[in-house]
Amino acid sequence: MVNLALIGMGLVGSQVLKIIEKNLQKYKDQYNIDFNFTAIFEYDGALISDAGISVSEVLGSHNFRDLDYWKPGVQAIEAIPDTKADIIIDATPVNPDTGEPALSHILKALKSKKHVVTSNKGPFYLAYENIKEIAEKNGVSFGFESTVGSAVPCLGIRDSLAGNKIKKIVGVLNGTSNYILNRMTSEGISFNLALQEAQENGYAETDPTLDIEGYDAAGKLVILANHLLGWNKTIKDVKISGITKVNEDMISLAKKSHMEIKHLAVAKDGELEVSLKLIPENSALALGGTLNGVYLDTELAGEIIITGRGAGGSEAAAGIISDVINISRRYLLADT
Ligand SMILES: NC(=O)c1ccc[n+]([C@@H]2O[C@H](COP(=O)([O-])OP(=O)(O)OC[C@H]3O[C@@H](n4cnc5c(N)ncnc54)[C@H](OP(=O)(O)O)[C@@H]3O)[C@@H](O)[C@H]2O)c1
């Protein structure tokens, strides 16, 4: 039995619950893992049962706060050490300045000798070294695949490239910016109209600053550089510029030369930069829609490119679930 606790039942957290609940038998058959949720934390209380919470009951309930498992006022940060969970899953919103509340949840869980899985990137572009050190000191691990590109295995690829050196990383890491630039290119519309369209289609937040000013992509670039290249950087080390100054003339000039303007995140020669670049329109990184992509220049295998959907509830949940399964198999079910 692997006991799980979830913090944050929003878009991603509720997909994690739904997908795990639906596939319980499959995980048993395929991996010999029996998952059991012992706690689900929201900001104002928690569902708690050491014997296990009926996830179908939670998902099917009109209001989960009416269930017997509900303990009003219980906060994850206080309750983590005493939960029966082996793995704490954090799916709380990003605070780009402090990494909270996820950073404290993660550190508390690791110090309580619990493994951690999260889709929250803030703690990893602000405090990766500290998280790594505390995990090592306490003999536990952490999974953060979903923090970059959701289920696209941008971080997992490190194991597949063991013994090979990555010389350079170039990424299209923010779906919102990519969508805006694509719409400006394909339709010849203005930045403001493309942004408005992205918001209407649910691809951009009401406050899109972190996306269009490049901060979100910069955070993901830091995570990639630290994990794949072994660097020790934080978001303060990234030279960042956004996409707000792109206009129709620039787009049409690029098109005349069969080029596209892309917002690229580059890690090379110890430097990190997020900025606008011109790339050939047939380049593998001339990705359409809201797609994300990562290009790696490797010493032994040349160029490697992985692309896919970088956002969405089930996409992010898929990245979380792969981490949960891998940690369970590596550390909790040593004989399987
Ligand atoms: N959505 C995506 O496509 C995607 C993709 C990759 C990664 N991510 C990352 O995944 C994380 C979750 O994203 P999301 O889209 O699911 O966000 P969301 O819908 O806003 O859900 C976050 C949930 O966490 C709850 N919460 C906030 N503070 C909490 C606390 N202190 N204790 C317990 N629960 C707390 C929120 O409650 P209230 O709403 O009631 O405040 C909400 O239910 C974010 O870090 C995001 O960047 C998202």
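Predicted model: local features only at pLDDT ≥ 70, side-chain atom pairs only at ≥ 80, totals over all residues.
1. Helix H2 and the residue after it. Asn32 follows H2 and has a positive phi, near 60 degrees. The helix itself covers residues 24-31, and of these eight residues the number buried is zero, so H2 lies largely in the open. A residue would count as buried with 20 or more other C-beta atoms within 10 Å of its own.

2. Domain organisation. The domain assignment divides the protein into domain 1, given as 2-151 + 314-332, and domain 2, given as 157-309. Between the C-alpha centres of the two domains the distance is 29 Å.

3. Contact between the domains. Domain 1 contributes 13 residues to the contact and domain 2 contributes 16 residues. On the side of domain 1 that touches domain 2, helix H6 (residues 122-138) supplies the largest share, with five residues. The composition of that side of domain 1 is seven nonpolar, three polar and three charged residues.

4. Strand pairing around S11. Strand S11 (residues 271-280) pairs with strand S9 (residues 238-240) in the parallel sense, over three bridges. Within this part of the model, Val238 stands opposite Leu272 of S11. Strand S10 (residues 259-268) also pairs with S11, here in the antiparallel sense and over ten bridges.

5. The S10-S11 hairpin. S10 and S11 form a hairpin in which two residues lie between the strands. Lys268 stands opposite Glu271 in S11. In the turn, Asp269 has a positive phi of about 50 degrees. A positive phi is therefore given both for Asn32, after H2, and for Asp269, in the hairpin turn.

6. Which residues come nearest to the ligand, of the 24 around it? They are Gly8, Gly10, Val12, Ser119 and Ala316. Helix H1 (11-22), strand S2 (35-42) and helix H13 (313-332) are the elements that give two or more residues to this shell. H1 provides the largest share, three residues. By class, the shell comprises 13 nonpolar residues, ten polar residues and one charged residue.

Notes:
Residues numbered from 1 in each chain as written. Buried ≥ 20, exposed ≤ 12 C-beta atoms within 10 Å, placed from the backbone. Helix = DSSP H or I, 4+ residues; strand = E, 2+ residues; numbered from the N terminus. Domains from an automatic or database assignment. Contact = placed C-beta atoms within 7 Å. Nonpolar A, V, L, I, M, F, W, Y, C, P; charged D, E, K, R; others polar. Pairing = 2+ DSSP bridges. Near = placed C-beta within 6 Å.
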